[in-house]
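Here is a short briefing on one protein model.

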Amino acid sequence: MKHYLKKLEETIREHWNQKALCDYKGDSFTYADLAMNIEQFRLFLGEAGITKRNKIAICARNSARWAIAFWDINVNGCVAVPLLADFHPNSITALTHHSDSVLLFTDEDIWRKLNPEQMPLLKAAVNIKDWSLLWHREEKLAKAWNNREKAFARRYPHGLEPANVSFATNNMDKLAIINYTSGTTGNPKGVMLTYGALSDTDEFSNSHFPNRPGETIISMLPMAHMYGLAIEFIHPNVDGVTVYFLGKMPTPTILLQAMQEVKPYMVVTVPLVMEKVYAKSIKPAMEKLKWSFSIPFARKLVDTIVKKKIMSAFGGRVRCFIMGGAPLKPEVEQCFCRMRLPFTVGYGMTEACPLLGWEWWTDFVPGSCGKPVHELRIDSDDPKSVAGEIQVRGQNLTVGYYKNPEANAVAFTDDGWFRTGDLGLIDDDNNIFIRGRIKSMILNSSGQNIYPEELEAVLTGCPYVVEALVVERNRKIVALVYPDFPEEMNEEERKGIPELIRSTANKSLPGYSQIHKVELMDVPFEKTPKMSIKRFLYK
């Protein structure tokens, strides 16, 4: 297995003047710029007395400088601690302290809401937007930081050359990242991932969806989440792909404008984004042409035309749309499959860095989430028919949770398999089918297992339903629904919608999982960065 930093080293040497990291309509940095920053940071660490294995946090919106800060930390042997900019200031403070971080890359807006007295190990905070010091506790460190360019000039009086670039790769078993989860439980845990785990993910990615130097990709997902960090940034960037950052989540107009200009080779996103594309563009177009579907070959022709428009809207060079974090609505999935859109829905989690299941779009089975990335088993006597916990093992797996012995004690089975907490099935062809989370499963009075996610998939196919969440109340199944009503619908008509949704859904559900009541939500559900609903808020 080749170390991803060896690949980055080779790419820097061979593509010295190529753009590596860019802010869309903003600053851009070549691979030479990146190499210089990494070396300046190395000299700073030595002068400041910060050694390898020290933890350094990053908490800011995606940007080219966020990526440079990560490479500075990661290449030089420190442990990167990416924190979501959307975390509450109290959480950012607590996690920075919990991770034992000695430096924090952030911005002015976030920093002014934090209290350094609650982070006693922190030595300095750096403004990620211009590399200025926001705060420091030690004069020695401040001096080292402010003099890093002079130290670099002394070390390389004639400038840095490609031949000077050399990165350590004898660290496969060393800790590279502590990534705090932001899942549906509401309790962040520090997932520890090694350089070997990142190298394994990069190797799998290259063997299944390779990229080429000079190609481009747009980073939309938070890099403080492993999905965005590993698949949208590390995997492409070490191979010479120019990564463009949009910062905060863009409007659909800005996103499509960026796609037209950047022309990415791959789009990594969450199902919700593609579902919006379907709802706003594809479905209305199909409805207008519905009259022609009775004509032989008309539907196939319409699908071909619509597919061409979608591919063109995303720049015309996309080889695959990769979705993860949640299932795709059945209606949308069926439409994409029919028109042969190159998409796949994967399966992963932070603890797997992040891949657990994936398949190239030509072999992807609708309704599944791909085939196992490494070893995977279902804890069931009949894994093809009776759902059981999905358990995995491989070099991409976490080595545990940072300073959390209680979580570590239950994370692995006695024979060394990682417990995902997900319930699923696997068929004869090794395709994985997720049934839901163990913690969200409902056991009814007759002993039947009810998986809320399956009911929610049915509900999202009902009229006026944007998203749904199924909960148990007083031993009865209740569906919480965020609707989308036509503007012309009056108040009296809206009152009948909950019963319409309930009766429509129940026609497709077995007797033991019938929905007792539908409650309409006034606002969308709160979500994680993966766009999964925070279930714990709606118990």
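Helices and strands here are DSSP runs, numbered from the N terminus; a helix needs at least four residues and a strand at least two. The model is a predicted one. By that naming, Lys403 is found in the loop between β20 (400-401) and α14 (405-411).

**Backbone exceptions**

- Most residues other than glycine have a negative phi, and most peptide bonds are trans.
- Lys403 has a positive phi, near 50°.
- Its relative accessible area is 45%, so Lys403 is partly exposed.
- Lys263 also has a positive phi, near 55°.
- Lys263 lies in the loop between α10 (252-262) and β12.
- With a relative accessibility of 27%, Lys263 counts as partly exposed.
- The peptide bond that joins Cys353 and Pro354 is cis, with omega about -15°.
- Pro354 has its place in the loop between β15 (347-348) and β16 (355-358).

**Nonpolar cores**

- The largest nonpolar core has 99 residues.
- Within this core, Leu8, Leu21, Phe44, Phe70, Trp71, Phe105 and Phe233 touch the most other members.
- Helix α2 (residues 31-48) gives the most to this core, with 10 residues.
- Another core, of 33 residues, lies apart from the largest one.
- Among the residues of that other core are Val306, Met339, Val345 and Phe364.
- Which residues does Phe44 contact, leaving aside its neighbours within four places in sequence?
- The partners of Phe44 are Ile50, Leu103, Leu141, Ala144, Trp145 and Arg148.

**Helix α2 against helix α7**

- Helix α7 covers residues 148-155.
- The axes of α2 and α7 come within 9 Å and cross at roughly 105°.
- Angles of 65 to 115 degrees count as roughly perpendicular, and α2 and α7 are therefore roughly perpendicular to each other.
- On the α2 side, the contact involves Met36, Glu39, Gln40, Arg42, Leu43 and Phe44.
- These meet Arg148, Glu149, Ala151, Phe152 and Arg155 in α7.
- By type, the residues of this contact are five nonpolar, one polar and five charged.

**The β12-β13-β14 sheet**

- Three strands form an open sheet, in the order β12-β13-β14.
- The pairing in this sheet is parallel.
- β12 (266-269) and β14 (343-345) are the edge strands, and each pairs on one side only.
- On average, neighbouring strands of the sheet are turned by 15° against each other, direction ignored.
- How many bridges join β12 to strand β13 (residues 320-323)?
- There are four bridges between β12 and β13, and the two strands run parallel.
- Val268 has Ile322 in β13 as its bridge partner.
- Helix α9 (residues 226-237) lies across β12 and β13.
- The angle at which α9 runs to β12 is about 175°.

- Thr304 is found in helix α12 (residues 298-313).
- Is Thr304 buried or partly exposed?
- The relative accessible area of Thr304 is 37%, so Thr304 is partly exposed.
- Thr304 and Leu397 are 93 residues apart along the chain.
- Their C-alpha atoms are separated by 41 Å.

Methods: Residues numbered from 1 in each chain as written. Predicted model: local features only at pLDDT ≥ 70, side-chain atom pairs only at ≥ 80, totals over all residues. Heavy atoms only, no water. Core = buried A, V, L, I, M, F, W, Y, C linked by side-chain atoms within 4.5 Å. Buried < 20%, exposed > 50% of the residue type's maximum accessible area, 1.4 Å probe, protein only. Contact = heavy atoms within 4.5 Å. Axes fitted to C-alpha atoms, helices over the stretch in contact; angles between N-to-C directions. Parallel < 35°, antiparallel > 145°, perpendicular 65-115°, else oblique. Nonpolar A, V, L, I, M, F, W, Y, C, P; charged D, E, K, R; others polar. Pairing = 2+ DSSP bridges.
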